[in-house]
Amino acid sequence: MVKVWDRVVRCTHWSVAALVFFQFLNEDGAALHRYAGYLAGALVLLRLAWSTRASGFAHYSKWLPSVTRIKTYLRAARHGRAPRMLGLNPLGACMALLIWSLILLLAASGWMMGLDMFWGDEWLEDIHALLAWSLLGCVAIHVTAVIATSVRHKENLPKAMLTGRKRPLD
C-alpha cells in the first residue's frame, strides 16, 4: 500500500464532512450553528494552508487542476478510460475547490448576517440559503462520484480517506 493522504488531510476532510452534515440538521442560526460554520471555514483555511507546506499528494502542485489536465481527463472519461490516480483526479480537485469555496462563502455570509449593517437583510439570508443548498448538491455529486470511481477502479476510496493508503498504480 502507498501512503497518499496524511493525517491533516484526513482529519480536515472528515471533520468538515461531519460539520456540514451537522449544519444541515441544525439550521436554526443559533450560536452552535454559527460556531460550527466558523469552525468549518477555519478547517478549510487550514487545509488550503497545509497544501502549501505539505509533501506528497497533499501539496497543491500534485492536485491543483489545470485546463489541460481537466480536458485530458474528460476526454479519457468520455471514452470509458478515465485513469486511476493515487491522488485527486482533476474533476475531484475541481469539486474540492468548489466545496471549499462554498463553505468559505457560507461562513462569511453567516458572519455578515450577525453584523448590524446586514441584520435582517433578506437578500443576504437568501444568498446564504442558496449557498447552503448548492453545497448540499455538490456534496451529493461528490459522494456519488466517489462511489462510482470506487466501483470503476475496484478501490474503496472512503477507506483510503480513513487510512490514508491506496494500492499502488499498476
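Guide: Begin with a term: a nonpolar core is a set of buried Ala, Val, Leu, Ile, Met, Phe, Trp, Tyr and Cys residues joined through side-chain atoms within 4.5 Å. Keep in mind that this is a predicted model.

Visitor: Which residues touch the most other members of the largest nonpolar core?

Guide: The largest nonpolar core holds 20 residues. H1, H2, H5 and H6 each supply at least two residues of this core, and the largest share, eight residues, comes from H5. The members that touch the most others are Val-16, Ile-99, Ile-103 and Leu-135.

Visitor: What does Ile-103 touch, not counting residues up to four places away in sequence?

Guide: Contact here means heavy atoms within 4.5 Å. With residues up to four places away in sequence not counted, the residues that Ile-103 touches are Val-16, Val-20, Ala-40, Gly-41, Val-44 and Leu-135.

Visitor: How many residues are in the other core, the one that includes Val-4?

Guide: This other core lies apart from the largest one. Among its members are Val-4, Ala-54, Ala-58 and Leu-86. Its number of residues is seven.

Visitor: Which helices do the buried residues of H2 pack against?

Guide: Helix H2 covers residues 31-53 and reaches 33 Å from its first C-alpha to its last, close to the 33 Å expected. Its buried residues include His-33, Ala-36, Gly-37 and Arg-47. The helices that the buried residues of H2 pack against are H1 (7-25), H3 (60-63), H5 (90-113) and H6 (122-152).

Visitor: And H6: which helices do its buried residues pack against?

Guide: H6 has 31 residues and reaches 44 Å from its first C-alpha to its last, close to the 45 Å expected. Leu-124, His-128, Leu-131 and Cys-138 are among the buried residues of H6. The buried residues of H6 pack against H1, H2, H5 and H7 (157-163).

Visitor: Which residues of H6 make the contact with H1?

Guide: The crossing of H1 and H6 is left-handed. On the H1 side, the contact is made by His-13, Val-20 and Phe-24. On the H6 side, the residues are Ala-132, Leu-135, Leu-136, Val-139 and His-142.

Visitor: Is Asn-26 buried or exposed?

Guide: Asn-26 is placed in the loop between H1 and H2. Leaving aside neighbours within four places in sequence, Asn-26 is in contact with Leu-32 and His-33. Its relative accessible area is 15%, and the cut-off for burial is under 20%. Asn-26 therefore counts as buried.

Visitor: Is Lys-154 buried or exposed?

Guide: Lys-154 lies in the loop between H6 and H7. Its phi is near 50 degrees, a positive value in a residue other than glycine. Its relative accessibility is 71%, and the cut-off is over 50%. Lys-154 therefore counts as exposed.

Visitor: How many residues apart in sequence are Arg-165 and Lys-3?

Guide: Arg-165 is found in strand E2 (residues 165-166) and is partly exposed, at 39% relative accessible area. Among the residues that Arg-165 touches are Met-1, Val-2 and Lys-3. From C-alpha to C-alpha, Arg-165 and Lys-3 are 4.5 Å apart in space. Their separation in sequence is 162 residues.

Terms used. Residues are numbered from 1 along each chain as its sequence is written. This is a predicted model: local features need pLDDT of at least 70, side-chain atom pairs count only at pLDDT 80 or more; totals for chains, interfaces and linings use all residues. Side-chain values use heavy atoms; hydrogens and water are left out. Helices (H or I, at least four residues) and strands (E, at least two) are DSSP runs, numbered from the N terminus. The expected span of a helix is 1.5 Å times one less than its number of residues. Buried means under 20% relative accessible area, exposed over 50%, partly exposed in between (1.4 Å probe, protein chains only). A crossing is left-handed if the near helix is turned anticlockwise from the far one by less than a right angle, and right-handed if clockwise.
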